[in-house]
Amino acid sequence: MNSPDRRPPREARTGLILTGGGARAAYQVGVLAAIAQLRRDAGAVQGAPFPVISGTSAGAINASTLACHADDFDGAVDGLVHLWQGLHVESIYRADAFEAVRSGARWLSMLSLGWALARWTRSRPRSLLDNTPLRSLLSKYLDMSRIEAMLAGGHLHAMALSGSSYTSGQHVTFYQTHQAIEPWLREQRMAVRTQLTLGHLMASSAIPFIFPAEALELEGMDEWFGDGSMRQSAPISPAVHLGADRVLVIGAGRMKEPGGPRHRVSDEAPGMALVAGHALSSIFLDALSVDVERLRRINRTLSLLPKDSLDASDLRPIELLVIAPSRRLDELAGEHQASLPASMRALMKALGASGQGKKSSGAALLSYLLFEPSFVNELINLGMSDTLAMRSQVQRFFGWPEQAPDVDPVRLRRSRSAGFAGGV
């Protein structure tokens with residue numbers, strides 16, 4: 001029997017990190033679908049597997065779905081699969097011939113003619129593409145007010161979305177919780193406790209240059225925010241600050257990406273598409289890889305400390321599991337660029353994208369914008385196969401038995417029939 005002044009140790013709290021990457025975030029959906037299957041196989045159908053959720057960029061959309069439906073993980077994952085499999089680029093941004101050419105031409109003209117055109121037309125394009133369709137889709141698909149109900153019902157411990165302020169230069173993690181979690185402040189990054197809204201989601205997923213900035217209130221003043229992957233030096237940090245004891249990270253690119261071919265392709269300098277894709281990959285992928293290595297190094301250091309010293313320290317080891325694509329997603333995107341609408345193919349060509357598959361130039365940029373079923377379904381399938389290939393590691397991480405226990409089929413069917421209320 002426990003003494004009155006000693007509480008029994010609580011169960012380890014699992015955090016989920018979903019990073020950015022535009023269309024690449026479909027890979028996360030495949031990983032989540034495989035985890036949902038392994039969870040059912042283990043008979044662990046009760047409770048939310050991820051009480052702490054942190055999302056950035058397109059990963060923020062997946063994270064918000066899980067948070068809004070934390071009381072029905074299987075239903076939330078089903079909804080995500082249904083959503084992503086039904087996407088086309090027109091669901092995310094205006095890609096009809098007139099809109100794509102108009103927005104793209106404005107940018108290309110500004111770059112080629114400079115201040116003269118700007119002075120002549122007073123044209124100030126906010127972004128390469130107009131993501132109004134995404135806002136419309138998310139407003140129908142997600143009810144962000146449900147996060148409060150999930151917190152109140154104990155299905156969720158904390159939820160965080162990150163954005164980067166163009167106004168102040170700060171990287172900001174906006175979080176919502178019912179727990180006594182004080183905001184944290186680090187060099188050029190801060191946390192703000194608030195009620196998360198569609199605006200936070202749009203800001204977090206506003207890919208720089210590609211989608212327009214979003215105005216959000218920060219400490220009583222409006223600031224312009226863009227994609228949360230920018231200046232995000234510690235992507236795992238929010239989950240740890242919000243109380244996670246172990247963290248699952250689902251990446252949107254290979255954690256140890258091999259270099260591309262070294263042979264000379266042409267005598268021409270790289271086009272805008274190649275440079276933009278390289279820049280976006282640096283923004284979306286590099287910080288996560290560095291942070292994973294940092295956490296592993298800290299864990300190794302803490303494992304060397306005597307127990308008394310560890311108990312006296314504010315630091316604690318964080319169990320970590322990383323699931324990331326086993327293939328280069330830019331090469332995969334290059335194989336599917338023909339599925340883009342003709343107007344977008346023309347725009348990509350104007351930006352310097354050419355070729356297909358491994359020989360494609362600018363495929364990295366394409367991989368962030370290719371919201372088409374052929375590419376999305378390949379990513380979902382890749383996420384599922386990568387996760388199932390790590391079956392034993394996933395089972396150990398969650399503490400699920402390798403041998404599935406006897407499960408009441410009626411109860412299992414009932415849990416699966418709840419469905420997803422927010423589907424489109």
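## Burial and overall make-up

A residue counts as buried at under 20% relative accessible area, as exposed at over 50%, and as partly exposed in between, with a 1.4 Å probe and protein chains only. By that cut-off, 52% of the 424 residues in this chain are buried. The model is a predicted one, in which local features need pLDDT of at least 70 and side-chain atom pairs count only at pLDDT 80 or more, while totals for chains, interfaces and linings use all residues. Numbering runs from 1 along each chain as its sequence is written, and side-chain values use heavy atoms, with hydrogens and water left out.

The chain contains 18 helices and ten strands (DSSP runs numbered from the N terminus: H or I of at least four residues for helices, E of at least two for strands). Of the contacts (heavy atoms within 4.5 Å) between residues at least 6 apart in sequence, 77% join residues at least 24 apart.

## Confidence

Mean pLDDT (the predictor's confidence in each residue, from 0 to 100) is 82 for the chain, and 79% of the residues score at least 70. Residues 1-8 have pLDDT below 50, and this stretch has one contact in the model beyond near neighbours in sequence. Residues 107-113 also stay under 50, but there the model has 15 contacts beyond four places in sequence.

## Aromatic pairs

The structure holds eight aromatic pairs. Rings of Phe, Tyr and Trp (its six-membered ring) pair if their centres lie within 6.5 Å; planes under 30 degrees apart are stacked, over 60 edge-to-face, and the rest tilted. One of the pairs is Phe50 with Phe398, edge-to-face at 5.7 Å centre to centre and 70° between the planes. Phe50 sits in the loop between α1 (26-41) and β2 (52-56) and Phe398 in helix α17 (residues 391-398), so this pair ties together parts 348 residues apart in sequence. Both Phe50 and Phe398 are buried.

Tyr175 and Trp184 form a stacked pair, 5.3 Å centre to centre with 25° between the planes. Tyr175 is buried at a relative accessible area of 0%, and Trp184 is buried at 7%.

## Ring cluster and arginines

Ring pairs link Phe50 and Phe398 with Phe73, Phe397 and Trp400 into a cluster. Arg246 lies over the face of Phe397, at 5.6 Å from the ring centre (a charge sits over a ring if NZ of Lys or CZ of Arg is within 6 Å of the ring centre and within 35 degrees of the ring normal). Arg24 lies over the face of Tyr368, at 4.7 Å from the ring centre.
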